[in-house]
Amino acid sequence: GLCDGAGEEGPEYLELRPSPRWDAESEYLRLVDGTLLNNIMAIIDGTPSDQTTPQGGNVDGRERLQNLSLLTHNLRTFYQDDLQQLILMTPPNVHLLAYDPLSEEGMQELHKVLLLLLGVAVQSERKEEVIEAIR
């Protein structure tokens, strides 16, 4: 690994290093697969999740597209029906996010999804439950 040598600077270096179990890319892809975000949305709107993909499973672009399409549909519906609000921003390009999630553009599309989800979370009647579930 990166710190095979055990010199005087070894322990300080180890303290600054993230846990080997924490892999930013796999955590990001787990977020992008849509399962966790759909589960959060289900808590917000108080309905059972329609998800079929197990969280943490490897999903392909088609499954990711299906999950993200469901999420953005539910977000749009919640804004319109429950909050009586129109979304004025350009909708997230879920096709780009599903098939090219690690690109800069894909990351920008995830940012849009997260902003929309945060917006419904803080405005919903169930915001206390959402906060507890996130903790």
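**View 1. The pair Arg 30 and Glu 27 in helix H2.** Arg 30 and Glu 27 lie 3 residues apart in helix H2, about one turn of the helix; helices (H or I, at least four residues) are DSSP runs numbered from the N terminus. Their side chains meet in a salt bridge at 3.6 Å, N to O, a term that requires a side-chain nitrogen of Lys or Arg within 4 Å of a carboxyl oxygen of Asp or Glu. Arg 30 counts as partly exposed because its relative accessibility is 30%, and Glu 27 counts as partly exposed at 33%. Buried means under 20% relative accessible area, exposed over 50%, and partly exposed in between (1.4 Å probe, protein chains only). The model is predicted: local features need pLDDT of at least 70, side-chain atom pairs count only at pLDDT 80 or more, and totals for chains, interfaces and linings use all residues. Residues are numbered from 1 along each chain as its sequence is written, and side-chain values use heavy atoms, with hydrogens and water left out.

**View 2. The pair Glu 109 and Lys 112 in helix H6.** The structure holds 2 salt bridges, one of which joins the side chains of Glu 109 and Lys 112 (3.6 Å, N to O). Both residues belong to helix H6 and are 3 residues apart, about one turn of the helix. Glu 109 is buried, its relative accessible area being 9%.

**View 3. Arg 64 in helix H4.** Arg 64 is placed in helix H4. This residue is buried yet has no salt bridge, and Asp 33, the nearest side chain of opposite charge, is 6.8 Å away; in this count Lys and Arg are positive, Asp and Glu are negative, and His and the chain ends are not counted. Leaving aside neighbours within four places in sequence, Arg 64 is in contact (heavy atoms within 4.5 Å) with residues including Val 32, Asp 33, Leu 97 and Pro 101.

**View 4. The largest nonpolar core.** A nonpolar core is a set of buried Ala, Val, Leu, Ile, Met, Phe, Trp, Tyr and Cys residues joined through side-chain atoms within 4.5 Å. Of the 21 residues in the largest one, Met 41, Ile 44, Leu 75, Leu 97, Leu 117 and Val 120 touch the most other members. Helices H2 (24–32), H3 (35–45), H4 (61–82), H5 (94–99) and H6 (104–123) each supply at least two residues of this core, and H6 gives the most, with 6 residues. Not counting residues up to four places away in sequence, Leu 75 touches Met 41, Val 113, Leu 116, Leu 117 and Val 120.
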